[in-house]
Amino acid sequence: MTQEPGSTALGERDHEPRRTTAEPGPDAHRTPRVGGRPVRGTEPGGARQDVWPGSPQPLGARYRSGPGGLPGTNFALWAGGAERVDLCLFDDAGRETRHPLTELTHEIWHGFLPGVHPGQRYGYRVHGRWDPWSGARWNPAKLLLDPYARAVDGDFALPPEVYGHVRDWPHQHLADTVRDERDSAPFVPKGVVVHDGAPAGPPGSPPDDDWRDDRRPKTPWADTVLYELHVRGFTMRHPDVPAHLRGTYAGLAHPAAIDHLSRLGVTAVELLPVHQFAHEDHLLRRGLRNYWGYNSIGYFAPHAAYAASGTRGQQVGEFKRMVRALHAAGIEVILDVVYNHTAEAGELGPMLSLRGIDNRGYYRLAGDPRRYADYTGCGNTLHVVQPQVLRLITDSLRYWVQEMGVDGFRFDLAAALARSMHDVDMLSPFLAVIAQDPVLRRVKLIAEPWDVGNGGYQVGAFPPLWTEWNDRYRDAVRDFWRGALPDVRDLGYRLSGSSDLYAWGGRRPYASVNFVTAHDGFTLRDLVTYHHKRNLANGEDNRDGTSDNRSWNCGAEGETTDPDVTALRRRQLRNLTTTLLLSTGVPMLVAGDEMGRTQSGNNNAYCQDNETGWVDWSLLDEPGWRALFDLTARLVRLRRDHPVLRRRAFFSGRPHGPDGLRDLAWFTPQGTEMTEPDWYAPGATLGMYLSGHDIPSRDERGQPVTDDSFLAVLHAGPEPAAFPLPGPPWATAYELVVDTARETQDDAPGTIHPAGTRATLPPRSLHLYRTLP
């Protein structure tokens with residue numbers, strides 16, 4: 001039998017690998033000495049260098065002045081069960097010098113190296129037992145990324161050497177138990193020591209950490225319009241962004257990119273993951289890459305591939321300058337963060353960082369400690385109940401707020417973070433820590449309120465500080481406009497803020513992040529173009545991605561030249577966009593939807609780092625798609641100008657004055673007020689009256705807020721509808737503001753209809769009226 005180099009061999013008659021531990025070096029079991037004289041590190045071909053005791057705080061690599069004012073870097077790593085930790089420094093030629101960290105304080109290994117300056121690349125080798133049956137997976141042959149590294153240099157490749165076990169062991173069901181002792185250092189990226197306050201660009205510009213010129217927008221939740229975008233994909237095809245900046249933080253900060261956001265009127269960008277991430281092995285084998293980035297491995301480091309200025313720490317300053325530029329335009333920056341799992345996957349995944357530092361300390365293990373509890377569908381789940389894991393997450397969050405300038409976070413699979421030992425617990429340590437943290441409780445917090453484990457669907461259950469992605473809104477609006485709702489009950493709740501989900505515990509309508517599309521699924525254009533997903537380019541035989549799209553192709557599958565189908569599709573886009581921006585709650589748009597971006601039916605473009613996943617800016621040159629952008633921008637302005645469309649409290653539905661007007665009223669297709677039986681009757685037409693006279697808000701001087709009143713009529717039927725416009729006390733006349741049957745809205749304002757007029761709505765259209773007293 002051929003034995004893998006350096007691995008534990010199976011005997012000819014063995015059925016299981018022998019349970020072996022790491023062969024300790026002469027100092028492996030020596031009790032670390034605290035304080036006192038420095039330790040000298042030396043390796044073959046490396047220089048001798050003093051390691052001073054340093055400090056266990058803060059974690060990570062921090063450049064500072066040491067004893068006697070000598071500059072250097074303090075290194076500190078939590079590695080709870082480790083027997084020894086080597087700090088490994090790399091020169092520009094890739095030569096490694098190892099320095100044992102012999103100081104141990106409260107499970108933190110630390111040391112100060114004078115003369116180590118910003119730009120220095122480093123990693124760790126952690127020694128301990130190899131006993132996968134108990135969850136112990138230490139392997140000093142593997143170079144590990146510092147979890148607190150602020151910058152990362154290099155790409156993750158995944159050759160066999162990067163795995164802690166022998167990946168290609170012939171008995172795959174036992175492969176994870178056989179330790180691979182080949183050196184992984186040549187194949188993994190390194191952490192980079194970062195200079196706090198490095199110059200921010202040209203000479204004379206302020207340091208990156210000088211935020212005195214920055215003004216956070218601090219947009220109230222009720223006034224927020226989210227715009228989900230991908231840093232790389234947003235500018236890769238932008239003709240007015242210089243070619244060398246496209247796909248980077250600097251590209252997003254370019255005036256051409258920011259001008260589009262400003263003209264659209266959005267108040268916050270929600271960036272798909274920008275933490276350093278790795279590409280999965282199965283993608284690399286197919287010649288693909290992880291495009292979305294939901295495979296994090298460095299929670300403090302901006303993803304290096306998105307930097308135009310360099311990867312030896314320059315990416316940090318470039319990210320900060322991007323944040324400043326967006327803030328200057330009045331746009332907040334929200335990060336989509338993935339703290340529920342890491343890129344190390346399950347027991348057959350690579351050893352990149354946490355697994356080799358302390359597998360049992362960082363990950364939730366199953367009843368069989370060889371395996372991982374997987375509430376994420378990605379192979380592992382971080383054990384957030386553990387203090388050191390909770391600290392890693394909260395330290396990371398505070399860092400991005402305080403030092404990188406961001407304004408909030410959207411938590412991927414947030415239910416996994418809210419689990420205590422097993423079940424989702426809204427009193428869990430993670431949620432409790434966030435609620436009392438003086439920094440984090442003041443920023444925007446958005447939960448994706450589910451995971452893939454039992455009891456993981458938690459829409460409406462998060463505590464008052466949080467807002468949530470509301471997939472029930474998405475489903476109801478899609479179903480209504482494709483004619484699949486049995487009645488209009490659910491639609492009524494979703495249009496008015498989802499009080500059935502959020503009207504408890506002091507929560508407000510803006511607890512609901514309303515969306516029709518997101519990065520995950522069809523684009524808005526594909527939603528009305530395809531009934532079936534087309535994901536063959538992902539290399540998984542079209543098995544990936546959901547098959548429950550709630551889409552409608554309007555009578556033809558895929559792109560078509562049929563003018564009737566094309567006209568209907570564009571009308572449906574206007575219907576969906578208008579519904580979203582008129583609904584109470586926080587609307588979320590997706591980059592490119594406002595101008596008809598398509599992924600050609602791919603509803604899971606997570607690995608499509610190409611024109612499929614990038615925004616196509618040429619669409620704005622086509623009059624039809626430009627009209628969709630203009631309508632979207634007009635609706636965002638309308639929302640901004642009218643507080644009745646962005647209420648801070650739920651509707652009561654009761655009369656508030658002697659005239660009998662309600663703050664919210666619903667009307668049947670016959671123009672009469674809805675009764676209880678009407679909500680249960682099949683219907684494709686619904687009128688919604690929003691009173692601007694009964695807004696439960698006051699301005700900064702304490703005066704009541706008043707506004708115009710509006711009537712929205714939504715008609716999803718296949719035939720025209722004649723809707724009688726309600727008379728007094730609701731209004732004496734109505735001014736048409738938006739008519740989705742029109743491709744452009746230039747001639748819609750100013751059209752006056754007396755009360756009682758039977759307004760004709762074409763098939764599948766929406767009218768918005770401003771009421772006249």
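Modeller: In this predicted model, the contact between helix H14 and helix H15 involves Arg 570, Leu 573, Arg 574, Thr 577, Thr 578, Leu 580, Leu 581 and Leu 582 on the H14 side. From H15, the residues that meet them are Gly 624, Trp 625, Leu 628, Leu 631, Thr 632, Leu 635, Val 636, Leu 638 and Arg 639. Sorted by class, this contact of H14 with H15 comprises ten nonpolar, four polar and three charged residues. H14 spans residues 563-582 and H15 spans residues 623-641. Their axes come within 10 Å and cross at roughly 15°. Angles under 35 degrees count as roughly parallel, so H14 and H15 are roughly parallel to each other. The crossing of H14 past H15 is right-handed.

H15 also packs against helix H3, residues 255-264. Here the axes come within 8 Å, and the crossing angle is roughly 60°. H3 is therefore oblique to H15. On the H3 side, His 260, Arg 263 and Leu 264 make the contact; on the H15 side, Arg 626, Phe 629, Thr 632, Ala 633 and Val 636 do. The contact of H3 with H15 has four nonpolar, two polar and two charged residues. Thr 632 and Val 636 of H15 take part in the contact with H14 and also in the contact with H3.

Terms used. Residues are numbered from 1 along each chain as its sequence is written. This is a predicted model: local features need pLDDT of at least 70, side-chain atom pairs count only at pLDDT 80 or more; totals for chains, interfaces and linings use all residues. Side-chain values use heavy atoms; hydrogens and water are left out. Axes are lines fitted to C-alpha atoms, for helices over the stretch in contact, and angles run from 0 to 180 degrees between N-to-C directions. Helices (H or I, at least four residues) and strands (E, at least two) are DSSP runs, numbered from the N terminus. Angles under 35 degrees count as roughly parallel, over 145 as roughly antiparallel, 65 to 115 as roughly perpendicular and the rest as oblique. A crossing is left-handed if the near helix is turned anticlockwise from the far one by less than a right angle, and right-handed if clockwise. Contact means heavy atoms within 4.5 Å. Ala, Val, Leu, Ile, Met, Phe, Trp, Tyr, Cys and Pro count as nonpolar, Asp, Glu, Lys and Arg as charged, and the others, Gly among them, as polar.
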